[in-house]
Amino acid sequence: MALVPYDENLLPALSKLDQTSAEFHLANHRIRLSQDWNRLGVAAVVWDAAVVLCMFLEMGKVDLKGKRVIELGAGTGLVSIVAALLGANVTITDREPALEFLAANVRENIPPSQQGVVRVSELTWGENLHLYPTGSFDLILGADIVYLEETFPALLQTLEHLSSETTVVLLSCRIRYERDERFLMELRRRFSVQEVHYDSQRDIHIYRAVKNTKNTEL
């Protein structure tokens, strides 16, 4: 699932855990998402990294129209929903226990005429990657999926497998601990990585990664 913990020192932020829904106005749409902390934990709550990534996509710095996009650890589905509303064909992935909840949020917020451009699919990092052929996606999205160190090898393996030389990866995250920095160091060994956005109010970084050294833009 979307591996998004919370900092126990930021108690005001924990109030979101009790909220059964969250509402946003993004991509010229009102988006209302169900949340279910009690049943699904961190995967079923909207976190700042997802909101910041959506705002970054809204800026238009990435051309999404007609692009093949996959989101890893989609959680509530906010990022994928916004990407689809902005014109992308989106494969929305998470672990199996979260899929029914995720699909319900997608159905609720994607207009019927656009339902055909989204697909909710099970993907556990590092497993059954043959179901997602290399080079099938122009853009890989991830919001707050860099946290649990034991998942880093599988996440890196998945990013490498999904990426062709022209695939762009956008990772939105808060750098909390040294292990997060170590993930970025390992990512830089395999990808050309640059920070493309920083939201100082929310302390969220967005990193762009490409498998080779070319500065390929979407």
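I looked for disulfides first, meaning pairs of cysteine sulfur atoms within 2.5 Å. A search of the whole structure turned up zero. I then checked burial, where buried is under 20% relative accessible area, exposed is over 50%, and partly exposed is in between (1.4 Å probe, protein chains only). Cys 54 is buried, with 0% relative accessibility. Cys 173 is buried too, at 2%.

A note on the source: this is a predicted model, where local features need pLDDT of at least 70, side-chain atom pairs count only at pLDDT 80 or more, and totals for chains, interfaces and linings use all residues. Residues are numbered from 1 along each chain as its sequence is written, and side-chain values use heavy atoms, with hydrogens and water left out.

Next I turned to helix α5, residues 152-162. I take helices (H or I, at least four residues) and strands (E, at least two) as DSSP runs, numbered from the N terminus. The buried residues of α5 are Phe 152, Leu 155, Leu 156, Thr 158, Leu 159 and Leu 162. They line one face of the helix, because seen down its axis they fall within an arc of 160 degrees. That arc is taken from the directions from the helix axis to the C-beta atoms. An α-helix has 3.6 residues a turn, so residues three or four places apart point the same way.

What do the buried residues of α5 pack against? I found β3 (68-72), β6 (139-143), β7 (168-173) and α6 (178-190). Contact here means heavy atoms within 4.5 Å.

I looked up aromatic pairs next. Rings of Phe, Tyr and Trp (its six-membered ring) pair if their centres lie within 6.5 Å; planes under 30 degrees apart count as stacked, over 60 as edge-to-face and the rest as tilted. The count is two. Tyr 147 and Tyr 177 make a tilted pair, 6.1 Å centre to centre, with 50 degrees between the planes. Tyr 147 lies in the loop between β6 and α5 and Tyr 177 in the loop between β7 and α6, so the pair ties together parts 30 residues apart in sequence. Tyr 147 is buried at 14% relative accessibility, whereas Tyr 177 is partly exposed at 34%.

Phe 152 and Phe 183 also form a tilted pair, at 5.0 Å centre to centre and 55 degrees between the planes. Phe 152 is in α5 and Phe 183 in α6, so this pair ties together parts 31 residues apart in sequence. Both are buried.
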